[in-house]
Amino acid sequence: MRNILSHALMVNIFVVLIMSALSSPLGGQTVLRIQDIQSDTSGQYTGQEVTVVGIVTAPSGVIDPGFYIQDSVGAYSGVLVYTTFYNVDLGDSVRVTGPVEEYYGKTEISFPSSVTVLASGCQVPPPTLITTSEIATSNPDTAEMFEGVLVGILQPVVTDTSLGYGEWEIDDGSGPARVDDAGPYTPPFLGDTLAALVGIVDYSFDNFKLQPRGNQDIYYTFSGAGEVNVSPNQIIQNDPVNLNFNFSTAFGEINEIEIILPKSFDFSGNLTFSGSGFLNAVYSVSGDTILINGAEVSSVKSGTCQLTSVTAQNPGIETLYVYTASSGDTLSPISTFPIIQITRADGSIPISLVRANTSQGVPLLLGENVVVTGIMTAAGELGGQYFLEDGTGGVCVYNPGGGLSIGDSGVFQGTVDHWNGLTELSPSDLISGPFPAQPLIPEVVTCSILELEGTGGIENYEGRLVRIDNLLQTVPVFPQVEQNMPISDGTGDFELRVLVQEIAGKPVPPDGFSVTGIISQYCPSSPYTSGYQIMPRSLDDIRKGGSGSGFVESYLSSIIHGSTGDINLYITAEIDTIDQISFEITDTSWHWGGSINDIQVPSGATVDSVAGNGQDQEYIIYISNLSLEPDSSCFIAITNVTAPDSTGSFELLTKTGVQGFPNLTEIYNSPRIWSVNSMSEAQQPDSGGYNPILLGHSVVVAGVVTGPSSIFNGGTTKTSFWMEDSTSGVNIFSSEDDGNQSFVLGAEVIVRGVVTEYNGITEIVYAHPDSATIVGLQRPLPDTLLLQENQGIYELIEGRLVMVKNAIVTSLPVQSGSGKDFEIRNGRTIIAVRLTDDANLNTDHITVGNILDVIGIAGQYSYDTPPASGYQLLPRFNSDLMEIHLANPTQDPQLTIYPNPVSITAGEIIHIFVNSPLEGTLTLKIFDMEGREVASLLENTASGPQYITWDGLTNYGFNARIGVYIVHLKYKHNNGDEEIINKPLVVGTTLE
């Protein structure tokens, strides 16, 4: 990461290049030196449009309308940019394009066509030291050289305060010069001797004159004089560094210096000096204050003091307060305090640091490459503008990629940019994540609070998720996309911007509403302190009051075509209490008996009536006395509904009414009810037993996501996830829904696609992103199918979420393509396990012999025709690979066997648990009743808890015969003593 002032350094280098009299192309334009324009005696540039680059030495409106810039130091280096439209700050590096004019003898770039801020916070060129006579009107040749230049005069005396029009006179002994009062300062008194006077050389009303920019340009002493550069100016939190303070001054001599460190800094107390300005310096340290005496920093002597082993505790921007004085004077603050950027250990910084602005609303870190972490509050809903919060602030990250969703957390890297006032990271990249997190709760604010946004360049809410309540209707409908509307909550006024199509043209609730959204900005010119607006991310961000308010969501309400089921509805009130609600079954191909007894409502609510007959007139259900208070929810179910034989959906037209207002009004988004195919239909094999019978057919399925797209996407150019209904599970795939990772665990999804098969896996492939619709989140997951002992993955459970208990790891994970493969044994059956790289699962505990409970999707990957092999288990999370920890070591050896008796011919496995002290070895063998060894299971193995299975195979590979056997355990102490346990084992058979 570049340090915080690298941009300033780049601009200074650029200025040096200009000083060397090199004109250069920039953006297709030739950049002239200001000297070329100011020293032009032929008039070749007058009236011509030119482009110059310089550092602002007098900001907008301080002296003239407009601002002054310089591109070097000394004669002919400065010029006035006359404008009433553009505003810039002191220290801004700007590119200016406009015509050169001679206005009553003063050279200007008047009314420029463009002013571009290239960087902010750059080092202002130091004043050029001159004498009063050099800028006297009586000496026009030399005075003309310094027109527009920042200059300084040492030891001038105020010789006249009554020149008229607020002007006064100074003389340093070389001859008098005029001083004007255009800048905001308090003039000195007649006879005062100043330590120095600084200002811009101006020409007006036939006189050359000095224009101080403020009280800071009038030096009565050299207390507070000088500049300091601190390096490094970017450090890592809690990482000790040596800080170097380099001091210089254009005027006088600095003899005393005070440095006050931030309270969050720790300092060893050791200081070293270098440079001619610190040859005789001494120091003392008291708490966070460092006092230096005996310095001799002057215009020809600079010096550096180094603070050793400085540690910053908190990430952010910290100011280092520095005071200076000449011998015998009072310490005073220097004009610009240095700042230091502190990053976290991972290189990231708080978003509040990115949000820090100049008074003109320009980011202090403009152009810097930074790393930030946070939670997404908008992830594609507002186009390329994604938004991130971290508790200190919010910021736009432009098109970061990575398949992000609202509520995801991640680490992002990008360049701080400024687009029409909006601070962005652009370009930006997701470098770690996404990781699941809880979506942020918006902060409730008022319009009056938001009206203060941008004051003094401070942005408290830009980029953040907020909510404004108690909004009243100012227009009848929401505007179209990319248009604004005024909003008011009675405390003030603000702007709402529509970027989401589903909001455009919707009626604005007449009885009041609230809006949740991101605070953005559109301000095309400086100062960038206005143009703030709230941007809702979806229709759900508009919370309504009055009749027509409320959210209604179908809840697992799809019904398999041709079958009977229930329509389950989840109703949530918004601002006002909902008292009445109605539902219209608008599609008469759906059969319902119309009985009030088939309507389940909350306690206290009443089904008033059912209108229509469901044949030539749709059913309308009227419910009253709901008493659903704001932000509370309830369920309503319409049972015994039969879906048509065909698949498809209808809108369950929903209207609500609030207490005291009997009129029912349609809500914004009525739920859709679907007639769907079952997943068992999609998975049903043909007569060959492996290929789906509906191969190539279009289907509609509904279910709950069991395998999230963030784990099974396999890249950013396709989308893949697993879902399950009450009948089976299936893989969903699209090559057109690029990298969509919003199909999270527990999401209820409707998919319209075509049944295909890919390397043995039955898939439903959808072509357009709109063909996979998320209708709800956080739905209950289906029950996990428990595989029985010796059972493996097979065709009829493909797509299901399954579990294997007490599986023994038989091979280590090995990288293969975009994942890792290993094997487990379920009884006698070997099961292949596939871990995708995107799942990022911990494999430290997957070692041969370890016991795991494994959960995953029953999948397949096979090139066979037909695909009769390649079945595999697909874990999703670390919790899907649960290591089974055995008991703690015991004081005495123990032996447990089950089942006993056991039927090996029926496929049963003998489970043997052994425990013992740790100081010894274990031997475990099976003997027949004649004392012959049948199987050796442990041989001088390290002692402690052990779990062993025996599949009944002898040392020679044959099944043990029916009969009685002895399980023989020998525990051998380290001192050679032995303890023996023998237990009988009966091998039988299943009776017919």
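Which strand is the place of Lys655? That residue sits in strand E52, residues 648–658.

## What you're looking at

This is a predicted model, where local features need pLDDT of at least 70, side-chain atom pairs count only at pLDDT 80 or more, and totals for chains, interfaces and linings use all residues. Residues are numbered from 1 along each chain as its sequence is written, and side-chain values use heavy atoms, with hydrogens and water left out.

## Around Lys655

Back to that opening residue. Lys655 is partly exposed, at 26% relative accessible area (buried is under 20%, exposed is over 50%, partly exposed is in between, with a 1.4 Å probe and protein chains only). Thr665 lies ten residues from Lys655 in sequence, and their C-alpha atoms are 4.9 Å apart.

Leaving aside residues up to four places away in sequence, Lys655 touches Gln580, Ile581, Ser582, Glu584, Leu664, Thr665, Glu666 and Ile667 (a contact means heavy atoms within 4.5 Å).

## Overall build

The secondary structure comes to seven helices and 76 strands; both are DSSP runs numbered from the N terminus, with at least four residues for helices (H or I) and at least two for strands (E). The radius of gyration is 40 Å, whereas a compact globule of 992 residues would be near 30 Å. That radius is taken over C-alpha atoms, and the globule rule is 2.2 Å times the number of residues to the power 0.38. Along the principal axes, the C-alpha trace spans about 130 × 90 × 50 Å.

Of the 992 residues, 51% count as buried. The protein exposes about 41500 Å², with carbon and sulfur atoms supplying 50% of that (Shrake-Rupley method, 1.4 Å probe; for residues, only the protein chains shown count as cover). Take the contacts between residues at least 6 apart in sequence: 65% of them join residues at least 24 apart.

## A five-stranded barrel

Five strands make a closed barrel in the order E32-E33-E34-E36-E35, with mixed pairing. The twist from one strand to the next averages 55°, using lines fitted to C-alpha atoms as axes (for helices, over the stretch in contact) and angles from 0 to 180 degrees between N-to-C directions.

Strands count as paired if DSSP finds at least two bridges between them. E32 (residues 369–378) and E35 (residues 409–419) run antiparallel and are joined by seven bridges. Val370 has Gly414 in E35 as its bridge partner.

## Salt bridges

Side chains of opposite charge can pair when their charged atoms come close. Here the count comes to 27 salt bridges, each being a side-chain nitrogen of Lys or Arg within 4 Å of a carboxyl oxygen of Asp or Glu.

One of them joins Glu167 and Lys209, with the closest N and O atoms 2.7 Å apart. Glu167 is in strand E12 (residues 167–171) and Lys209 in strand E15 (residues 207–211), so this pair ties together parts 42 residues apart in sequence. Both ends count as buried: Glu167 has 8% relative accessibility, and Lys209 has 1%. Arg178 joins in too, linked with Glu167 and Lys209 in a network of salt bridges.

Glu939 and Lys925 also form a salt bridge, again with closest N and O atoms 2.7 Å apart. Glu939 belongs to strand E73 (residues 933–942) and Lys925 to strand E72 (residues 920–928), 14 residues apart. Glu939 is partly exposed at 47%, while Lys925 is buried at 13%. For Lys301 and Glu296, the closest N and O atoms are 3.6 Å apart; Lys301 is partly exposed at 30%, and Glu296 is partly exposed at 23%.
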